[in-house]
Amino acid sequence: MGNTNKIGVLVLSGIIIFLPFIFSRWEATSYYPTVMVFVAIHCIIATGLCLLLGFAGQISLGHAAFFGIGAYASGIISTKLGWSPWVGMAAGMVIASGVAYGIGVPSLRLRGHYLAMATLGFGVIVYIVFNEFVSLTGGPSGFGDIPRMSIGGLQLNTTFRFYYFAWFIAMIVLILSLNVVHSRVGRALRAIHGSELAATAQGIDVSGYKVRVFMLSAAYGAVAGSLYAHYVTFINPPPFDIFFSLKLLMMVVIGGTGSVWGAFAGAALLTFLPEWLSFLEDFDVLAYGLLLLVIVMFLPEGLIGLVGRSHALALRILGRT
Amino acid sequence: MHWLSGYWVGRESSMEKLLEIRDVSKNFDGVTAIERLSFNVTGGIVKSIIGPNGAGKTTLINMITGIYRPTAGQILFKDRLLNNVKPHRISALGIRRTFQTVELFENMTVMENVMVGYHVRSHKGLVSCAFRMPGVKTEESSTRERAFEYIRFVGIEHYADRMAGTVPFGVQRLVEIARAGVSRPEMLLLDEPAAGLNEVETAEASRLIKRICDSGVTVILVEHDMKMVMSISDEILVINYGRKIAEGSPEEVKSDPAVIEAYLGKSRAHA
(Lines give C-alpha, C1' and ligand atoms only; values in the text may rest on other atoms or scores of the structure.)
Protein backbone atom coordinates (compact mmCIF):
# COMPACT_ATOMS: atom_id res chain seq x y z
CA MET A 1 0.00 0.00 0.00
CA GLY A 2 1.55 3.29 -1.13
CA ASN A 3 1.49 6.63 0.66
CA THR A 4 -1.47 7.94 -1.34
CA ASN A 5 -3.54 5.01 -0.11
CA LYS A 6 -2.46 5.49 3.50
CA ILE A 7 -3.48 9.14 3.34
CA GLY A 8 -6.73 8.08 1.69
CA VAL A 9 -7.52 5.58 4.45
CA LEU A 10 -6.78 8.21 7.14
CA VAL A 11 -8.89 10.89 5.45
CA LEU A 12 -11.80 8.51 4.92
CA SER A 13 -11.60 7.31 8.55
CA GLY A 14 -11.72 10.93 9.70
CA ILE A 15 -14.74 11.67 7.55
CA ILE A 16 -16.52 8.54 8.75
CA ILE A 17 -15.92 9.39 12.40
CA PHE A 18 -17.32 12.93 12.18
CA LEU A 19 -20.07 12.45 9.62
CA PRO A 20 -22.84 11.39 12.08
CA PHE A 21 -22.27 14.55 14.13
CA ILE A 22 -22.58 16.72 11.03
CA PHE A 23 -25.66 14.89 9.77
CA SER A 24 -27.43 15.12 13.12
CA ARG A 25 -27.39 18.94 13.01
CA TRP A 26 -30.08 19.17 10.37
CA GLU A 27 -33.49 17.63 10.32
CA ALA A 28 -33.26 16.73 6.62
CA THR A 29 -30.11 14.67 7.05
CA SER A 30 -30.88 13.13 10.42
CA TYR A 31 -31.60 9.73 8.89
CA TYR A 32 -28.39 9.76 6.81
CA PRO A 33 -26.45 7.65 9.33
CA THR A 34 -28.89 4.84 8.51
CA VAL A 35 -28.17 5.28 4.82
CA MET A 36 -24.47 5.33 5.64
CA VAL A 37 -24.77 1.91 7.30
CA PHE A 38 -26.02 0.60 3.97
CA VAL A 39 -23.20 2.44 2.21
CA ALA A 40 -20.72 0.53 4.40
CA ILE A 41 -22.47 -2.78 3.65
CA HIS A 42 -22.48 -2.05 -0.08
CA CYS A 43 -18.84 -0.95 0.01
CA ILE A 44 -17.87 -4.35 1.37
CA ILE A 45 -19.58 -6.32 -1.42
CA ALA A 46 -18.60 -3.86 -4.14
CA THR A 47 -14.95 -4.14 -3.12
CA GLY A 48 -15.04 -7.89 -3.65
CA LEU A 49 -16.74 -7.46 -6.99
CA CYS A 50 -14.20 -4.81 -7.96
CA LEU A 51 -11.31 -7.20 -7.26
CA LEU A 52 -13.05 -9.80 -9.40
CA LEU A 53 -14.02 -7.50 -12.27
CA GLY A 54 -11.27 -4.92 -12.30
CA PHE A 55 -8.33 -7.12 -11.41
CA ALA A 56 -9.20 -10.65 -12.48
CA GLY A 57 -11.39 -9.50 -15.39
CA GLN A 58 -14.36 -11.70 -14.49
CA ILE A 59 -18.00 -10.75 -14.13
CA SER A 60 -20.33 -12.14 -11.49
CA LEU A 61 -24.02 -11.61 -12.17
CA GLY A 62 -25.01 -13.35 -8.96
CA HIS A 63 -23.29 -11.53 -6.17
CA ALA A 64 -26.60 -10.74 -4.49
CA ALA A 65 -26.81 -14.50 -3.89
CA PHE A 66 -23.63 -14.46 -1.80
CA PHE A 67 -25.02 -11.45 0.03
CA GLY A 68 -28.16 -13.50 0.63
CA ILE A 69 -26.26 -16.60 1.71
CA GLY A 70 -24.42 -14.50 4.30
CA ALA A 71 -27.65 -12.92 5.51
CA TYR A 72 -29.65 -16.15 5.70
CA ALA A 73 -26.82 -18.23 7.18
CA SER A 74 -26.17 -15.66 9.85
CA GLY A 75 -29.88 -15.05 10.45
CA ILE A 76 -30.85 -18.72 10.66
CA ILE A 77 -27.92 -19.73 12.85
CA SER A 78 -28.42 -16.91 15.33
CA THR A 79 -32.24 -16.99 15.37
CA LYS A 80 -33.14 -20.67 15.04
CA LEU A 81 -30.08 -22.23 16.65
CA GLY A 82 -29.54 -19.39 19.09
CA TRP A 83 -25.81 -19.29 18.43
CA SER A 84 -23.71 -16.13 18.40
CA PRO A 85 -24.10 -13.87 15.33
CA TRP A 86 -20.32 -14.06 14.98
CA VAL A 87 -20.59 -17.79 14.40
CA GLY A 88 -23.31 -17.01 11.86
CA MET A 89 -21.05 -14.55 10.08
CA ALA A 90 -18.17 -17.01 9.96
CA ALA A 91 -20.47 -19.78 8.74
CA GLY A 92 -21.83 -17.49 6.02
CA MET A 93 -18.28 -16.74 4.83
CA VAL A 94 -17.36 -20.41 4.75
CA ILE A 95 -20.54 -21.44 2.93
CA ALA A 96 -20.30 -18.58 0.42
CA SER A 97 -16.66 -19.19 -0.44
CA GLY A 98 -17.28 -22.94 -0.56
CA VAL A 99 -20.11 -22.40 -3.03
CA ALA A 100 -17.89 -19.98 -4.99
CA TYR A 101 -15.26 -22.70 -5.20
CA GLY A 102 -17.85 -25.12 -6.53
CA ILE A 103 -19.00 -22.69 -9.21
CA GLY A 104 -15.58 -21.27 -9.94
CA VAL A 105 -13.54 -24.39 -10.54
CA PRO A 106 -15.51 -25.63 -13.57
CA SER A 107 -16.46 -22.23 -15.04
CA LEU A 108 -13.17 -20.39 -14.51
CA ARG A 109 -11.13 -23.13 -16.12
CA LEU A 110 -12.62 -22.07 -19.43
CA ARG A 111 -11.61 -18.83 -21.09
CA GLY A 112 -14.47 -16.40 -21.71
CA HIS A 113 -17.41 -15.19 -19.70
CA TYR A 114 -18.59 -18.55 -18.42
CA LEU A 115 -18.54 -17.28 -14.87
CA ALA A 116 -21.08 -14.61 -15.79
CA MET A 117 -23.45 -17.27 -17.12
CA ALA A 118 -22.88 -19.65 -14.21
CA THR A 119 -23.44 -16.92 -11.60
CA LEU A 120 -26.53 -15.67 -13.43
CA GLY A 121 -28.08 -19.11 -13.10
CA PHE A 122 -26.79 -19.54 -9.59
CA GLY A 123 -28.35 -16.23 -8.48
CA VAL A 124 -31.74 -17.32 -9.77
CA ILE A 125 -31.49 -20.71 -8.09
CA VAL A 126 -30.56 -19.22 -4.73
CA TYR A 127 -33.42 -16.74 -5.01
CA ILE A 128 -35.84 -19.61 -5.64
CA VAL A 129 -34.46 -21.54 -2.66
CA PHE A 130 -34.97 -18.50 -0.40
CA ASN A 131 -38.59 -18.36 -1.56
CA GLU A 132 -39.43 -22.06 -1.52
CA PHE A 133 -37.51 -23.56 1.39
CA VAL A 134 -40.18 -22.19 3.73
CA SER A 135 -39.31 -24.30 6.78
CA LEU A 136 -35.83 -22.81 6.88
CA THR A 137 -36.10 -19.38 5.26
CA GLY A 138 -39.70 -18.46 5.99
CA GLY A 139 -40.41 -18.29 2.27
CA PRO A 140 -41.53 -15.03 0.63
CA SER A 141 -42.52 -13.49 3.95
CA GLY A 142 -39.07 -14.12 5.43
CA PHE A 143 -38.42 -14.08 9.15
CA GLY A 144 -37.63 -11.48 11.78
CA ASP A 145 -36.40 -11.15 15.36
CA ILE A 146 -32.83 -11.71 14.29
CA PRO A 147 -30.67 -10.92 17.32
CA ARG A 148 -28.36 -7.92 17.17
CA MET A 149 -24.64 -8.29 17.26
CA SER A 150 -22.67 -7.38 20.33
CA ILE A 151 -19.01 -6.79 20.99
CA GLY A 152 -18.06 -7.90 24.48
CA GLY A 153 -21.03 -6.67 26.47
CA LEU A 154 -21.86 -3.80 24.12
CA GLN A 155 -25.11 -4.37 22.21
CA LEU A 156 -25.01 -2.88 18.73
CA ASN A 157 -28.65 -1.89 19.07
CA THR A 158 -28.57 1.71 17.90
CA THR A 159 -27.87 3.02 14.42
CA PHE A 160 -25.10 5.14 15.90
CA ARG A 161 -23.28 2.09 17.30
CA PHE A 162 -23.89 -0.10 14.29
CA TYR A 163 -22.70 2.71 12.02
CA TYR A 164 -19.24 2.65 13.58
CA PHE A 165 -19.15 -1.14 13.67
CA ALA A 166 -20.13 -1.52 10.00
CA TRP A 167 -17.62 1.10 8.92
CA PHE A 168 -14.92 -0.52 11.03
CA ILE A 169 -15.50 -3.75 9.10
CA ALA A 170 -15.63 -1.85 5.79
CA MET A 171 -12.30 -0.17 6.55
CA ILE A 172 -10.72 -3.52 7.38
CA VAL A 173 -12.00 -4.88 4.07
CA LEU A 174 -10.60 -1.80 2.31
CA ILE A 175 -7.17 -2.16 3.91
CA LEU A 176 -6.97 -5.90 3.25
CA SER A 177 -7.99 -5.33 -0.36
CA LEU A 178 -5.50 -2.53 -0.89
CA ASN A 179 -2.83 -4.83 0.54
CA VAL A 180 -3.79 -7.52 -1.95
CA VAL A 181 -3.83 -5.10 -4.89
CA HIS A 182 -0.39 -3.73 -4.05
CA SER A 183 1.27 -7.10 -3.76
CA ARG A 184 2.58 -9.93 -5.84
CA VAL A 185 -0.94 -11.35 -5.98
CA GLY A 186 -2.44 -8.05 -7.16
CA ARG A 187 0.18 -7.84 -9.88
CA ALA A 188 -0.61 -11.38 -10.95
CA LEU A 189 -4.30 -10.47 -11.13
CA ARG A 190 -3.67 -7.38 -13.24
CA ALA A 191 -1.42 -9.49 -15.46
CA ILE A 192 -4.28 -11.95 -15.96
CA HIS A 193 -6.53 -9.03 -16.86
CA GLY A 194 -3.90 -7.79 -19.32
CA SER A 195 -3.18 -11.07 -21.12
CA GLU A 196 -4.02 -14.54 -19.89
CA LEU A 197 -1.64 -16.15 -22.34
CA ALA A 198 1.29 -14.04 -21.19
CA ALA A 199 0.33 -14.43 -17.53
CA THR A 200 0.47 -18.21 -17.90
CA ALA A 201 3.89 -17.87 -19.50
CA GLN A 202 5.08 -16.05 -16.36
CA GLY A 203 4.15 -19.08 -14.28
CA ILE A 204 0.88 -17.63 -13.01
CA ASP A 205 -1.82 -20.21 -12.32
CA VAL A 206 -4.54 -18.23 -14.11
CA SER A 207 -7.59 -20.30 -13.20
CA GLY A 208 -6.29 -20.87 -9.68
CA TYR A 209 -6.03 -17.14 -9.03
CA LYS A 210 -9.44 -16.46 -10.55
CA VAL A 211 -11.01 -19.05 -8.28
CA ARG A 212 -9.30 -17.60 -5.22
CA VAL A 213 -10.41 -14.05 -6.00
CA PHE A 214 -13.93 -15.27 -6.68
CA MET A 215 -13.94 -17.02 -3.30
CA LEU A 216 -12.66 -13.88 -1.61
CA SER A 217 -15.34 -11.75 -3.23
CA ALA A 218 -18.00 -14.27 -2.19
CA ALA A 219 -16.73 -14.13 1.40
CA TYR A 220 -16.91 -10.32 1.35
CA GLY A 221 -20.47 -10.61 0.09
CA ALA A 222 -21.35 -12.94 2.96
CA VAL A 223 -19.86 -10.58 5.55
CA ALA A 224 -21.98 -7.78 4.14
CA GLY A 225 -25.05 -10.03 4.19
CA SER A 226 -24.47 -10.92 7.81
CA LEU A 227 -24.18 -7.23 8.75
CA TYR A 228 -27.40 -6.56 6.86
CA ALA A 229 -29.28 -9.33 8.69
CA HIS A 230 -28.19 -8.20 12.13
CA TYR A 231 -28.82 -4.54 11.41
CA VAL A 232 -32.26 -4.82 9.82
CA THR A 233 -33.12 -7.84 12.02
CA PHE A 234 -35.56 -9.02 9.36
CA ILE A 235 -34.86 -10.74 6.06
CA ASN A 236 -36.95 -11.75 3.08
CA PRO A 237 -35.87 -12.65 -0.47
CA PRO A 238 -36.35 -9.39 -2.51
CA PRO A 239 -33.10 -7.63 -1.46
CA PHE A 240 -31.16 -10.61 -2.81
CA ASP A 241 -32.56 -10.76 -6.32
CA ILE A 242 -30.87 -10.39 -9.70
CA PHE A 243 -31.53 -6.65 -9.79
CA PHE A 244 -29.40 -6.15 -6.73
CA SER A 245 -26.61 -8.13 -8.45
CA LEU A 246 -26.85 -5.72 -11.37
CA LYS A 247 -26.86 -2.72 -9.07
CA LEU A 248 -23.69 -4.01 -7.44
CA LEU A 249 -22.07 -4.28 -10.85
CA MET A 250 -23.17 -0.72 -11.60
CA MET A 251 -21.56 0.48 -8.39
CA VAL A 252 -18.25 -1.01 -9.48
CA VAL A 253 -18.42 0.25 -13.06
CA ILE A 254 -19.60 3.74 -12.12
CA GLY A 255 -17.07 4.03 -9.31
CA GLY A 256 -14.23 2.71 -11.44
CA THR A 257 -12.94 -0.80 -11.90
CA GLY A 258 -9.26 0.10 -11.81
CA SER A 259 -9.15 0.84 -8.10
CA VAL A 260 -10.68 -0.43 -4.88
CA TRP A 261 -11.47 3.21 -4.07
CA GLY A 262 -13.74 3.20 -7.08
CA ALA A 263 -15.88 0.50 -5.47
CA PHE A 264 -16.27 2.72 -2.40
CA ALA A 265 -17.17 5.77 -4.49
CA GLY A 266 -19.67 3.80 -6.57
CA ALA A 267 -21.26 2.15 -3.54
CA ALA A 268 -21.68 5.52 -1.82
CA LEU A 269 -23.21 7.19 -4.87
CA LEU A 270 -25.58 4.38 -5.75
CA THR A 271 -26.76 4.01 -2.17
CA PHE A 272 -27.53 7.72 -1.76
CA LEU A 273 -28.95 8.19 -5.23
CA PRO A 274 -32.31 6.49 -4.51
CA GLU A 275 -32.74 8.91 -1.58
CA TRP A 276 -32.18 11.89 -3.82
CA LEU A 277 -34.14 10.51 -6.75
CA SER A 278 -37.15 9.33 -4.77
CA PHE A 279 -39.32 11.96 -6.51
CA LEU A 280 -38.82 10.03 -9.77
CA GLU A 281 -40.47 6.98 -8.22
CA ASP A 282 -40.18 4.00 -10.55
CA PHE A 283 -38.48 6.05 -13.24
CA ASP A 284 -35.27 6.21 -11.22
CA VAL A 285 -34.09 3.23 -13.29
CA LEU A 286 -33.81 5.64 -16.22
CA ALA A 287 -31.55 7.90 -14.17
CA TYR A 288 -29.27 4.97 -13.38
CA GLY A 289 -29.14 4.02 -17.03
CA LEU A 290 -28.30 7.58 -18.02
CA LEU A 291 -25.60 7.78 -15.36
CA LEU A 292 -24.06 4.51 -16.50
CA LEU A 293 -24.13 5.70 -20.11
CA VAL A 294 -22.45 9.00 -19.29
CA ILE A 295 -19.76 7.29 -17.21
CA VAL A 296 -18.97 4.65 -19.81
CA MET A 297 -18.85 7.25 -22.60
CA PHE A 298 -17.02 10.12 -20.95
CA LEU A 299 -15.32 8.72 -17.88
CA PRO A 300 -14.42 5.09 -18.62
CA GLU A 301 -12.12 4.95 -15.60
CA GLY A 302 -15.13 5.74 -13.41
CA LEU A 303 -15.75 8.36 -10.75
CA ILE A 304 -12.39 7.64 -9.21
CA GLY A 305 -10.86 8.80 -12.48
CA LEU A 306 -12.06 12.30 -11.60
CA VAL A 307 -9.55 12.38 -8.76
CA GLY A 308 -6.65 11.73 -11.12
CA ARG A 309 -8.01 14.21 -13.67
CA SER A 310 -8.56 17.02 -11.19
CA HIS A 311 -5.11 16.35 -9.76
CA ALA A 312 -3.56 16.71 -13.22
CA LEU A 313 -5.66 19.84 -13.84
CA ALA A 314 -4.58 21.35 -10.53
CA LEU A 315 -0.94 20.70 -11.37
CA ARG A 316 -1.40 22.38 -14.77
CA ILE A 317 -3.03 25.46 -13.26
CA LEU A 318 -0.42 25.69 -10.52
CA GLY A 319 2.31 25.23 -13.08
CA ARG A 320 1.01 28.14 -15.13
CA THR A 321 0.95 30.73 -12.37
CA MET B 1 19.40 -15.86 -1.79
CA HIS B 2 16.76 -17.90 -3.50
CA TRP B 3 17.20 -16.29 -6.89
CA LEU B 4 20.94 -16.89 -6.75
CA SER B 5 20.50 -20.58 -6.15
CA GLY B 6 18.33 -20.77 -9.26
CA TYR B 7 20.95 -18.85 -11.14
CA TRP B 8 23.68 -21.29 -10.23
CA VAL B 9 21.58 -24.29 -11.09
CA GLY B 10 21.31 -22.69 -14.50
CA ARG B 11 25.07 -22.45 -14.75
CA GLU B 12 25.81 -25.99 -13.71
CA SER B 13 23.37 -27.48 -16.11
CA SER B 14 25.66 -27.48 -19.13
CA MET B 15 24.81 -31.14 -19.37
CA GLU B 16 24.45 -33.15 -22.51
CA LYS B 17 20.70 -33.09 -22.82
CA LEU B 18 18.93 -30.29 -21.05
CA LEU B 19 15.97 -30.68 -23.36
CA GLU B 20 15.17 -33.81 -25.29
CA ILE B 21 12.54 -34.00 -28.02
CA ARG B 22 11.78 -37.65 -28.79
CA ASP B 23 9.80 -38.58 -31.86
CA VAL B 24 7.31 -35.77 -31.33
CA SER B 25 4.33 -35.29 -33.64
CA LYS B 26 1.51 -32.79 -33.57
CA ASN B 27 -1.65 -32.97 -35.63
CA PHE B 28 -4.35 -30.31 -35.80
CA ASP B 29 -7.55 -31.95 -37.01
CA GLY B 30 -5.68 -34.16 -39.41
CA VAL B 31 -3.18 -31.52 -40.51
CA THR B 32 0.32 -32.53 -39.50
CA ALA B 33 2.28 -29.59 -38.07
CA ILE B 34 5.17 -31.57 -36.62
CA GLU B 35 6.05 -35.07 -37.77
CA ARG B 36 8.25 -37.44 -35.76
CA LEU B 37 10.75 -34.79 -34.82
CA SER B 38 13.68 -35.62 -32.56
CA PHE B 39 16.50 -33.41 -31.33
CA ASN B 40 18.38 -32.49 -28.17
CA VAL B 41 19.39 -29.18 -26.70
CA THR B 42 22.66 -29.10 -24.81
CA GLY B 43 22.78 -26.84 -21.77
CA GLY B 44 24.51 -23.48 -22.03
CA ILE B 45 24.25 -22.89 -25.78
CA VAL B 46 22.22 -20.85 -28.22
CA LYS B 47 20.29 -23.25 -30.41
CA SER B 48 18.35 -21.77 -33.29
CA ILE B 49 15.38 -23.34 -34.98
CA ILE B 50 14.86 -22.09 -38.51
CA GLY B 51 12.68 -23.01 -41.40
CA PRO B 52 10.32 -21.47 -43.94
CA ASN B 53 7.00 -20.01 -42.82
CA GLY B 54 4.62 -22.68 -41.59
CA ALA B 55 7.44 -25.13 -40.91
CA GLY B 56 6.14 -25.69 -37.38
CA LYS B 57 8.56 -23.59 -35.35
CA THR B 58 6.01 -21.80 -33.19
CA THR B 59 4.05 -25.04 -32.78
CA LEU B 60 7.23 -26.55 -31.40
CA ILE B 61 7.68 -23.70 -28.90
CA ASN B 62 4.04 -24.01 -27.87
CA MET B 63 4.55 -27.71 -27.23
CA ILE B 64 7.71 -27.23 -25.17
CA THR B 65 5.94 -24.61 -23.04
CA GLY B 66 2.84 -26.77 -22.59
CA ILE B 67 0.32 -24.68 -24.51
CA TYR B 68 -0.12 -27.54 -26.99
CA ARG B 69 0.23 -31.19 -26.11
CA PRO B 70 2.11 -33.45 -28.50
CA THR B 71 -0.06 -35.96 -30.38
CA ALA B 72 2.76 -38.48 -30.05
CA GLY B 73 6.28 -38.62 -28.70
CA GLN B 74 7.91 -37.24 -25.60
CA ILE B 75 9.35 -33.94 -24.45
CA LEU B 76 11.84 -34.27 -21.61
CA PHE B 77 13.41 -31.46 -19.63
CA LYS B 78 16.25 -32.64 -17.41
CA ASP B 79 14.86 -36.18 -17.87
CA ARG B 80 11.44 -35.09 -16.65
CA LEU B 81 8.51 -35.74 -18.96
CA LEU B 82 6.73 -32.49 -19.82
CA ASN B 83 3.92 -33.85 -22.00
CA ASN B 84 1.16 -33.43 -19.44
CA VAL B 85 2.57 -30.66 -17.30
CA LYS B 86 0.48 -27.46 -17.23
CA PRO B 87 2.00 -24.37 -18.87
CA HIS B 88 2.38 -22.38 -15.67
CA ARG B 89 4.16 -25.30 -14.03
CA ILE B 90 6.56 -25.62 -16.94
CA SER B 91 7.31 -21.95 -16.49
CA ALA B 92 8.07 -22.56 -12.84
CA LEU B 93 10.38 -25.44 -13.77
CA GLY B 94 12.62 -22.91 -15.49
CA ILE B 95 11.51 -22.82 -19.11
CA ARG B 96 10.46 -19.31 -20.13
CA ARG B 97 9.44 -17.83 -23.43
CA THR B 98 8.68 -14.67 -25.36
CA PHE B 99 5.95 -14.20 -27.94
CA GLN B 100 6.24 -13.52 -31.63
CA THR B 101 3.32 -11.09 -31.37
CA VAL B 102 4.44 -9.01 -28.39
CA GLU B 103 2.18 -9.97 -25.46
CA LEU B 104 2.94 -7.37 -22.81
CA PHE B 105 0.63 -6.41 -19.97
CA GLU B 106 -0.30 -3.04 -21.45
CA ASN B 107 -2.20 -2.06 -18.32
CA MET B 108 1.05 -2.08 -16.35
CA THR B 109 4.36 -0.25 -16.40
CA VAL B 110 7.54 -1.73 -17.84
CA MET B 111 8.81 -2.23 -14.30
CA GLU B 112 5.63 -4.04 -13.22
CA ASN B 113 5.77 -6.24 -16.31
CA VAL B 114 9.25 -7.36 -15.36
CA MET B 115 8.19 -7.81 -11.73
CA VAL B 116 5.43 -10.16 -12.90
CA GLY B 117 8.17 -12.11 -14.64
CA TYR B 118 9.66 -12.75 -11.20
CA HIS B 119 6.40 -14.37 -10.03
CA VAL B 120 7.79 -17.91 -10.01
CA ARG B 121 10.61 -16.90 -7.71
CA SER B 122 8.30 -15.40 -5.08
CA HIS B 123 5.76 -17.33 -3.07
CA LYS B 124 3.50 -15.24 -0.84
CA GLY B 125 -0.18 -16.10 -1.29
CA LEU B 126 -3.43 -14.17 -1.21
CA VAL B 127 -3.97 -14.40 2.55
CA SER B 128 -0.37 -13.55 3.46
CA CYS B 129 -0.49 -10.53 1.18
CA ALA B 130 -3.88 -9.35 2.51
CA PHE B 131 -2.68 -9.43 6.12
CA ARG B 132 0.85 -8.22 5.33
CA MET B 133 2.27 -11.26 7.10
CA PRO B 134 5.96 -11.24 7.98
CA GLY B 135 8.15 -11.59 4.92
CA VAL B 136 5.75 -10.02 2.44
CA LYS B 137 7.54 -6.68 2.53
CA THR B 138 11.03 -8.15 2.12
CA GLU B 139 9.88 -10.34 -0.73
CA GLU B 140 8.31 -7.34 -2.43
CA SER B 141 11.41 -5.20 -2.14
CA SER B 142 13.70 -7.98 -3.32
CA THR B 143 11.39 -8.53 -6.30
CA ARG B 144 11.64 -4.83 -7.10
CA GLU B 145 15.43 -4.95 -6.79
CA ARG B 146 15.82 -8.01 -9.00
CA ALA B 147 13.48 -6.53 -11.59
CA PHE B 148 15.34 -3.24 -11.78
CA GLU B 149 18.68 -5.03 -11.89
CA TYR B 150 17.51 -7.00 -14.89
CA ILE B 151 15.95 -3.98 -16.57
CA ARG B 152 19.39 -2.37 -16.39
CA PHE B 153 21.00 -5.56 -17.70
CA VAL B 154 18.72 -5.41 -20.72
CA GLY B 155 19.32 -1.66 -21.02
CA ILE B 156 15.77 -0.28 -20.81
CA GLU B 157 16.01 1.51 -17.44
CA HIS B 158 14.89 4.82 -18.99
CA TYR B 159 11.52 3.26 -19.75
CA ALA B 160 11.00 1.57 -16.37
CA ASP B 161 8.07 3.74 -15.27
CA ARG B 162 6.38 4.09 -18.65
CA MET B 163 3.23 2.11 -19.44
CA ALA B 164 4.31 -0.94 -21.40
CA GLY B 165 1.96 -0.22 -24.31
CA THR B 166 3.39 3.28 -24.86
CA VAL B 167 7.09 2.49 -25.33
CA PRO B 168 8.60 2.07 -28.83
CA PHE B 169 8.15 -1.33 -30.44
CA GLY B 170 11.85 -2.16 -30.24
CA VAL B 171 11.75 -1.53 -26.49
CA GLN B 172 8.61 -3.66 -26.14
CA ARG B 173 10.53 -6.61 -27.57
CA LEU B 174 13.24 -6.02 -24.97
CA VAL B 175 10.65 -5.79 -22.18
CA GLU B 176 9.41 -9.22 -23.26
CA ILE B 177 12.93 -10.57 -23.02
CA ALA B 178 13.46 -8.89 -19.63
CA ARG B 179 10.18 -10.27 -18.29
CA ALA B 180 11.15 -13.79 -19.35
CA GLY B 181 14.77 -13.54 -18.24
CA VAL B 182 14.38 -11.86 -14.84
CA SER B 183 13.59 -15.13 -13.09
CA ARG B 184 16.93 -16.54 -14.37
CA PRO B 185 15.35 -19.53 -16.09
CA GLU B 186 17.43 -22.45 -17.21
CA MET B 187 16.02 -22.21 -20.67
CA LEU B 188 14.73 -19.25 -22.62
CA LEU B 189 12.68 -19.67 -25.78
CA LEU B 190 12.69 -16.60 -27.99
CA ASP B 191 10.05 -16.58 -30.71
CA GLU B 192 11.26 -14.22 -33.46
CA PRO B 193 12.76 -11.56 -31.19
CA ALA B 194 14.00 -9.54 -34.19
CA ALA B 195 10.71 -9.41 -36.09
CA GLY B 196 9.82 -5.76 -36.71
CA LEU B 197 13.19 -4.46 -35.53
CA ASN B 198 15.53 -2.37 -37.68
CA GLU B 199 19.12 -3.34 -38.32
CA VAL B 200 20.59 -1.43 -35.38
CA GLU B 201 17.99 -2.81 -32.98
CA THR B 202 18.56 -6.33 -34.31
CA ALA B 203 22.29 -6.06 -33.69
CA GLU B 204 21.57 -4.87 -30.15
CA ALA B 205 19.15 -7.74 -29.57
CA SER B 206 21.79 -10.19 -30.84
CA ARG B 207 24.33 -8.89 -28.35
CA LEU B 208 21.75 -9.11 -25.57
CA ILE B 209 20.89 -12.73 -26.40
CA LYS B 210 24.58 -13.59 -26.38
CA ARG B 211 24.96 -11.94 -22.97
CA ILE B 212 21.94 -13.81 -21.63
CA CYS B 213 23.47 -17.09 -22.81
CA ASP B 214 26.79 -16.14 -21.22
CA SER B 215 24.99 -15.59 -17.91
CA GLY B 216 24.14 -19.30 -17.89
CA VAL B 217 20.79 -19.45 -19.66
CA THR B 218 20.28 -21.91 -22.49
CA VAL B 219 18.60 -20.12 -25.37
CA ILE B 220 16.35 -21.57 -28.05
CA LEU B 221 15.96 -19.01 -30.80
CA VAL B 222 13.34 -19.11 -33.50
CA GLU B 223 14.18 -16.41 -36.01
CA HIS B 224 13.96 -15.49 -39.69
CA ASP B 225 16.77 -12.94 -39.59
CA MET B 226 19.66 -15.07 -40.89
CA LYS B 227 22.30 -12.55 -39.92
CA MET B 228 21.22 -12.83 -36.30
CA VAL B 229 20.91 -16.62 -36.44
CA MET B 230 24.29 -17.15 -38.07
CA SER B 231 26.12 -14.76 -35.77
CA ILE B 232 24.93 -15.99 -32.38
CA SER B 233 23.95 -19.66 -32.76
CA ASP B 234 26.07 -22.50 -31.50
CA GLU B 235 23.79 -25.00 -33.19
CA ILE B 236 21.02 -24.74 -35.74
CA LEU B 237 18.09 -27.03 -36.37
CA VAL B 238 16.36 -26.64 -39.72
CA ILE B 239 12.81 -27.89 -40.10
CA ASN B 240 10.41 -27.86 -43.01
CA TYR B 241 6.85 -29.20 -43.09
CA GLY B 242 7.32 -30.31 -39.51
CA ARG B 243 10.32 -32.53 -40.24
CA LYS B 244 13.98 -32.12 -39.47
CA ILE B 245 15.97 -31.47 -42.62
CA ALA B 246 19.31 -30.55 -41.11
CA GLU B 247 21.03 -30.00 -37.78
CA GLY B 248 24.50 -28.80 -36.89
CA SER B 249 26.81 -25.81 -36.58
CA PRO B 250 26.03 -22.67 -38.62
CA GLU B 251 28.72 -23.62 -41.17
CA GLU B 252 27.40 -27.14 -41.62
CA VAL B 253 23.85 -25.98 -42.02
CA LYS B 254 24.73 -23.21 -44.45
CA SER B 255 26.27 -25.64 -46.92
CA ASP B 256 23.68 -28.38 -46.53
CA PRO B 257 21.98 -29.03 -49.89
CA ALA B 258 18.64 -29.88 -48.27
CA VAL B 259 18.62 -26.51 -46.51
CA ILE B 260 19.46 -24.58 -49.66
CA GLU B 261 16.73 -26.45 -51.47
CA ALA B 262 14.14 -25.67 -48.79
CA TYR B 263 15.01 -22.00 -48.78
CA LEU B 264 15.79 -21.33 -52.43
CA GLY B 265 13.89 -24.02 -54.33
CA LYS B 266 15.11 -27.01 -56.27
CA SER B 267 16.40 -25.42 -59.48
CA ARG B 268 18.69 -22.91 -57.78
CA ALA B 269 20.03 -25.59 -55.48
CA HIS B 270 21.16 -27.73 -58.36
CA ALA B 271 22.51 -24.87 -60.38
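Before we start clicking, a word on helix axes: they are lines fitted to C-alpha atoms over the stretch in contact, and the angles run from 0 to 180 degrees between N-to-C directions. Also keep in mind that this is a predicted model, with an ipTM of 0.86 and a pTM of 0.87.

Color chain B by pLDDT. The mean there is 88, and 92% of the residues reach 70 or more. Now select residues 1-14 of chain B: pLDDT stays under 50 over that stretch, and the model has 19 contacts for it beyond four places in sequence.

Next, the largest nonpolar core, which has 173 residues. Show A:I44 and A:A166, the ones with the most contacts inside this core. Its largest share, 17 residues, comes from helix α10 of chain A, residues 206-232. Zoom in on A:A166: leaving aside neighbours within four places in sequence, its contacts are A:V37, A:A40, A:I41 and A:L227.

Now select helix α2 of chain A, residues 32-55, together with α10(A). How do their axes cross? At roughly 170 degrees, coming within 9 Å. Since angles over 145 degrees count as roughly antiparallel, α2(A) is roughly antiparallel to α10(A).

On the α2(A) side you'll find, among others, A:V37, A:I41, A:I44 and A:F55; on the α10(A) side, residues including A:F214, A:Y220, A:L227 and A:Y231. Color this contact by residue type and you get 17 nonpolar, four polar and no charged residues.

How values were computed
Residues are numbered from 1 along each chain as its sequence is written. Chains are lettered from A and ligands numbered from 1 in the order in which they are written. This is a predicted model: local features need pLDDT of at least 70, side-chain atom pairs count only at pLDDT 80 or more; totals for chains, interfaces and linings use all residues. pLDDT is the predictor's confidence in each residue, from 0 to 100. Two residues are in contact if their C-beta atoms, placed from the backbone, lie within 7 Å. A nonpolar core is a set of buried Ala, Val, Leu, Ile, Met, Phe, Trp, Tyr and Cys residues joined through C-beta atoms within 7 Å. A residue is buried if 20 or more other C-beta atoms lie within 10 Å of its own, exposed if 12 or fewer, and partly exposed in between; C-beta atoms are placed from the backbone. Helices (H or I, at least four residues) and strands (E, at least two) are DSSP runs, numbered from the N terminus. Angles under 35 degrees count as roughly parallel, over 145 as roughly antiparallel, 65 to 115 as roughly perpendicular and the rest as oblique. Ala, Val, Leu, Ile, Met, Phe, Trp, Tyr, Cys and Pro count as nonpolar, Asp, Glu, Lys and Arg as charged, and the others, Gly among them, as polar.
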